[in-house]
There are 2 protein chains.
Amino acid sequence: MDLSSFLTSLVTSFLIFVFLMLLFFWLSRKEGNKVVYYPNRILKGLEPVVPGTRNPFAWIQEAMSSTEQDVISMSGFDTAVYFVFLSTVFGILVLSGVVLLVLLLPVASTDHSVKVSTTSNGTFNEFDKLSIGNVKDESPRFWAFVIATYWVSFVTYYLLWKAYNHVSKLRADALMSPALKPEQYAIIVRDIPPVPAGLTRKEQVDSYFKAIYPDTFYRSMVVTDNKEVNKIWEELEGYKKKLARAEAIYARSKTTGKPEGVRPTNKTGFLGLCDKKVDSIDYYNGKINELIPKLESEQKVTLREKQQAAALVFFTSRVAAASAAQSLHSQMVNDWTVVDAPEPRQIIWANLPIKFFQRQVRQYVVYAIVALIILFYMIPIALISAFTTLSELKKLVPFVKPVVNIEAIKTVLEAYLPQIALIVFLALLPKLLLFLSKAEGIPSLSHVVRASSGKYFYFTVLNVFIGVTVGGTLFSTFKDIQKDPNSIVTLLATSLPGNATFFLTFVALKFFVGYGLELTRIVPLIIYHLKRKYLCKTEAELKAAWFPGELGYGTRFPGDMLIVTIVLCYSVIAPLILPFGAAYFGLGWLILRNQALKVYVPAYESYGRMWPHMFIRILASLILYQVTMFGYFISKKFFYTAFVIPLIILSFIFGFVCHKKFYRFFHDMALEVVCRELKEVPNMELVFRSFIPQSLGSDKIDDDHFEDALSQVSRTGSLA
Amino acid sequence: MDLSSFLTSLVTSFLIFVFLMLLFFWLSRKEGNKVVYYPNRILKGLEPVVPGTRNPFAWIQEAMSSTEQDVISMSGFDTAVYFVFLSTVFGILVLSGVVLLVLLLPVASTDHSVKVSTTSNGTFNEFDKLSIGNVKDESPRFWAFVIATYWVSFVTYYLLWKAYNHVSKLRADALMSPALKPEQYAIIVRDIPPVPAGLTRKEQVDSYFKAIYPDTFYRSMVVTDNKEVNKIWEELEGYKKKLARAEAIYARSKTTGKPEGVRPTNKTGFLGLCDKKVDSIDYYNGKINELIPKLESEQKVTLREKQQAAALVFFTSRVAAASAAQSLHSQMVNDWTVVDAPEPRQIIWANLPIKFFQRQVRQYVVYAIVALIILFYMIPIALISAFTTLSELKKLVPFVKPVVNIEAIKTVLEAYLPQIALIVFLALLPKLLLFLSKAEGIPSLSHVVRASSGKYFYFTVLNVFIGVTVGGTLFSTFKDIQKDPNSIVTLLATSLPGNATFFLTFVALKFFVGYGLELTRIVPLIIYHLKRKYLCKTEAELKAAWFPGELGYGTRFPGDMLIVTIVLCYSVIAPLILPFGAAYFGLGWLILRNQALKVYVPAYESYGRMWPHMFIRILASLILYQVTMFGYFISKKFFYTAFVIPLIILSFIFGFVCHKKFYRFFHDMALEVVCRELKEVPNMELVFRSFIPQSLGSDKIDDDHFEDALSQVSRTGSLA
């Protein structure tokens, strides 16, 4: 890629961005689009737009002037931590950029000794003169690059340290806040041993914890197998929605001319397409009346007979719960294992009863599968595309035959089937990783997201970054690597400069087009308008159509990390990438700040538990960068390359110290944080009720109902 | 070594053993030796000898019939756990031996295909016919040896599992026993942050813990720098002993003829050898009267001004203390770190104030030093012996000149100086390792002993076992290893059979002579009698002369582990070693049982915390054995060698499962164990006082004295 095509690509991206900005300004002013551009404010009961701020750049001003506290109150602590991540990386890239551009560009561009370079497919142009490739082998000018490597590293250490401190404080503030958090009073108990003869599961749990915590134990809730009851409950909720929809259609039909209206009908068969036609309102009412007693009896059966070897235990004080979640309870470590309870809405109930060693086995199996996916994901895709040739497809799905027999479509399909398979795989990968992480037996959703985000990070860094960089050269030089495994570092280092412009374009495209689309929300906007016009009949359906979902930083973060890795690794080799990287994170911070304040609604809150993962991955990128530089200096035959080694060791020490100093507070609750008891005595009944799964809770059902699996102290007092 | 010289060595060892047995029988009957052979019983206020059991083998019968409970009551839980170790290894070797001798000896001895063997320095004799060396390469007979490898492994798994279960139960019983254990009510708090302005250290600690544990916090004790006060206290105690001695001499002189007696005198200078002569009783009385006020004022200064950033915190319940010791207290993980308190007598006070990261650094530095010692210990010894040649010695210590100038002594010294240096090093090594482990900053003595015992284990296994086995061949084949690092396994495997008889003799010598000397206690007996005759004047001095000390399993255990490693590694190659190994542990069990019941007095109690280390090292020996067998089968070109690999994997899985299931209970206190509160309410004042260091405690000193470093709730109640 030469300079002009690079500039063309850059200008194109920028023009698209400007167009998207203008589109956003125009669309967001329309009253009917408010629910798409300000749903978070609407759901919180605020005015969609701050009055008197109707200029096109008002959103920028609002985002810039918003404080961290605003983000926390609008979007929670996890989002605030994500912004710490963005601003930390932004800071690293800006501070590195200022020094590196001033220091390295003159050093590189004034070396006229290299006349023929091998970078950028053999063509040597103005652009490459600004990179390290312009410095001849063994030149003392490499000292400047070594110093630059140190500078980037120290900037990273300093800002990461500050950020870890800050996030730790944020987390502490969140956890000691006076607002009642039910999960701070509960622990999850798993691996409960078999019930002794003569006791119920509930009595077993109660007597065990009452003996240990005579003063602070409040109540326990035995986990039940809710599969059946969930199914019935979902069916019932579905019919309720359909009834509301039918009633809305009926009500609307009344107003338009015919006062008696048209009673809506539907067919009872598959997807409402076949079988006999019935009156919808009567039919759904009948179904609901049929399901309610069924649900109630299933609830009773579940609570009585489907109790599992896991429970939630509630305490009357936060310190007691925090301390209980960290203590060993049973002499046999794999019995009565405890863990702090997550928020009720993010508990994965089905994972709670999985046994200790089964969890271990599941974990290792999942790790093995993910490792295989990362290393060999191309193989199944190739197989799939081989098997799903057109002729195979015609056999399996006969009704596509007339379509694919058209010559033009046939050609396109045959050419693109493997690519389509790859795209489908890459689109499904986050979901697959989420499913695999869930299969590990992790009890909370936020933990599953963290786990799958980690897996996705390794996939992107290994496949996209290293894959593209080393690319085709890897297989041709495979025999060299076999002879000397260390050569992979040198190989990576020598392939880097050639790909600098490719990644420059990649970063620019990603921030101009990616963030432009993010801000404009074109796809959600179109979907909302289509749904509103053709599908939604009730208020609830309409709300579901514009409900924004979460920021999803579990999948955003690995993408950002890819950029961090690319920019860090190229920072010294081609310092021009630094402004682009800084722009990516600066623009990202700005646009996501707007989205966090006005659009997205978080699905759960983990109080910044994601941060240690962010920290360790930034550090991993830094180490990858240092190792790459080491390899690069070696390949350039620079005599003092060994001066980079202390830096790599220093990175490990820095990671070790931070891990030791901060990490455990992100895993366990520090008692000094939770010991500030709330001013009001918490309503323990409320805390307890917030953990009852929707399908088991009911206003009508009296408390006696719960006595089998949801125990109360007063009833079991005689057992202790 | 041929068969006859092997038998000679065996018979000699056995004769020495029989002689020592007879000596023991004769010596232990004498009334004056009772304090040497039965000190533990005497100290516990029991009759030295059980009446009516005066036949020579009574001690065997008593040891055999003693129960685990007897051992616990006479010598504590740690000793009982050591016997579990001995009996487990005994069981492994007996069960392996029965099957392997029956299975392998016929298989090996009936293979007549190998006529010339390379084992045992090229001479082939009857003895080698019984070993695996007699089976020709690629023979299907190796299947029998593979099966034997599996058998030994499964026996080990089974017995280790049973033992871990048993020890875990023992530990639980010990910890839930109704006897008051002060350490169960205390925790050690380290890394206390700087004192905030306006508070004393004591107030800081009290207010911190009262906020977290308003109901269960009892009192705190700030750790002080006791170096100065300890020195004065020791000086005072020394003068008190000397005074008692002088008075005893004076009293004795009165009875013999002269009724007025002779007042003892001493010189005040260095070692009582120079300066003016004074009346001892007056002089020591003067010194004592001078030191008592000095001690008291130093105690006050220490408590007021030498407070450190560490403290002991006491709770009113065992559950509260156990739970506190496992919980994270501070948001910054390296502040307010907690750990469960060891027994008062084993606290290493000087280590408590060492800061968190300093402890980490110390630990890694010590690990590095130990690794260097293990790998390169021969180098400093060679250097020392080079520098301490006779001529150097004469220069440094001129007064040995006349002695070393004698021709005979000169020759001997010159020949043996390097060996003497080695022997001195090996004798000092356990002390050096203990010192290094203490320097890591570990707060309790039993933990230091565990740490140094681990280091000693690696030293012995690496240097004695692998060193002797591979021996001289290692350096000659060093280049082969460099080419192919895997060949070290094969090298180890091929060198094994040649050394079988050497190790057989080694094991036999160790149990016949070593345990014979252990039982006879000749050295302590001689020392006691010499001291009694020439040195001891008072009762206290006499008691100190026969006080037996502890069993010292911290140094015994690595020696035993060396035998376990040797015997396991040879079990399949030369099954004849198994009966010897079994005899070592059987005899060891018997003789040490006698010593534990009658002789040694344990210095501390860790409630079996040593066991996980014993477990993991037996397992490590087993894995070393499996890897060796793998290498051996490869060197014998046995085609199905790969069948050994699953076994190695299985060992790792077994270790992982045991570690996960049992280990944490040996590190942390399980709450279900300590939740059975004592019947009587513990006397917290007594618990607190038991932790006051001797040099700071005094009956005369009133409680007010402690208010600076030893705080009480009632006084600081207003601060919380």
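Predicted model: local features only at pLDDT ≥ 70, side-chain atom pairs only at ≥ 80, totals over all residues.
1. As for hand, H5(A) and H26(A) make a right-handed crossing.

2. Which residues bring H5(A) and H26(A) together? From H5(A) come Val81(A), Tyr82(A), Val84(A), Phe85(A) and Val89(A), and they meet Trp611(A), Met614(A) and Ile618(A) of H26(A). Sorted by class, this contact has 8 nonpolar residues, with no polar and no charged ones.

3. In chain B, please have a look at H5(B), residues 68-109, beside H25(B). Their axes come within 8 Å and cross at roughly 165°, which makes H5(B) roughly antiparallel to H25(B). The hand of this crossing is left-handed. Here the contact has 20 nonpolar, 8 polar and 3 charged residues.

4. H25(B), residues 577-598, also packs with H24(B), residues 553-571: the axes come within 8 Å, at a crossing angle of roughly 155°. Angles over 145 degrees count as roughly antiparallel, and H24(B) and H25(B) are therefore described that way. H24(B) passes H25(B) in a left-handed crossing.

5. Who makes the contact between H24(B) and H25(B), and what classes of residue are found there? On the H24(B) side are Arg556(B), Asp560(B), Ile563(B), Val564(B), Ile566(B), Val567(B), Tyr570(B) and Ser571(B). H25(B) answers with Ile577(B), Leu578(B), Gly581(B), Tyr584(B), Phe585(B) and Leu592(B). By class, the tally is 10 nonpolar, 2 polar and 2 charged residues.

6. Now to the aromatic rings. Over all chains, the search of the whole structure turns up 88 aromatic pairs. One of them joins Tyr157(A) and Phe654(A), with ring centres 4.9 Å apart and planes at 35°, so this pair is tilted. Where do the two residues sit? Tyr157(A) belongs to H7 of chain A (residues 142-175) and Phe654(A) to H27 of chain A (residues 645-667), so the pair ties together parts that are 497 residues apart in sequence.

7. Finally, a word on how the two chains are arranged. Chain B superposes on chain A by a rotation of 180° with 0.1 Å of shift along the axis, at an RMSD of 0.1 Å. The two copies are thus related as by a two-fold rotation axis. The same surface serves both copies, since 100% of the contact residues of chain B recur in chain A.

Conventions:
Residues numbered from 1 in each chain as written. Chains lettered and ligands numbered in written order. Heavy atoms only, no water. Least-squares fit on C-alpha atoms with pLDDT ≥ 70 in both. Contact = heavy atoms within 4.5 Å. Axes fitted to C-alpha atoms, helices over the stretch in contact; angles between N-to-C directions. Helix = DSSP H or I, 4+ residues; strand = E, 2+ residues; numbered from the N terminus. Parallel < 35°, antiparallel > 145°, perpendicular 65-115°, else oblique. Left-handed = near helix turned anticlockwise from the far one by under 90°. Nonpolar A, V, L, I, M, F, W, Y, C, P; charged D, E, K, R; others polar. Phe/Tyr/Trp six-rings, centres within 6.5 Å; stacked < 30°, edge-to-face > 60°.
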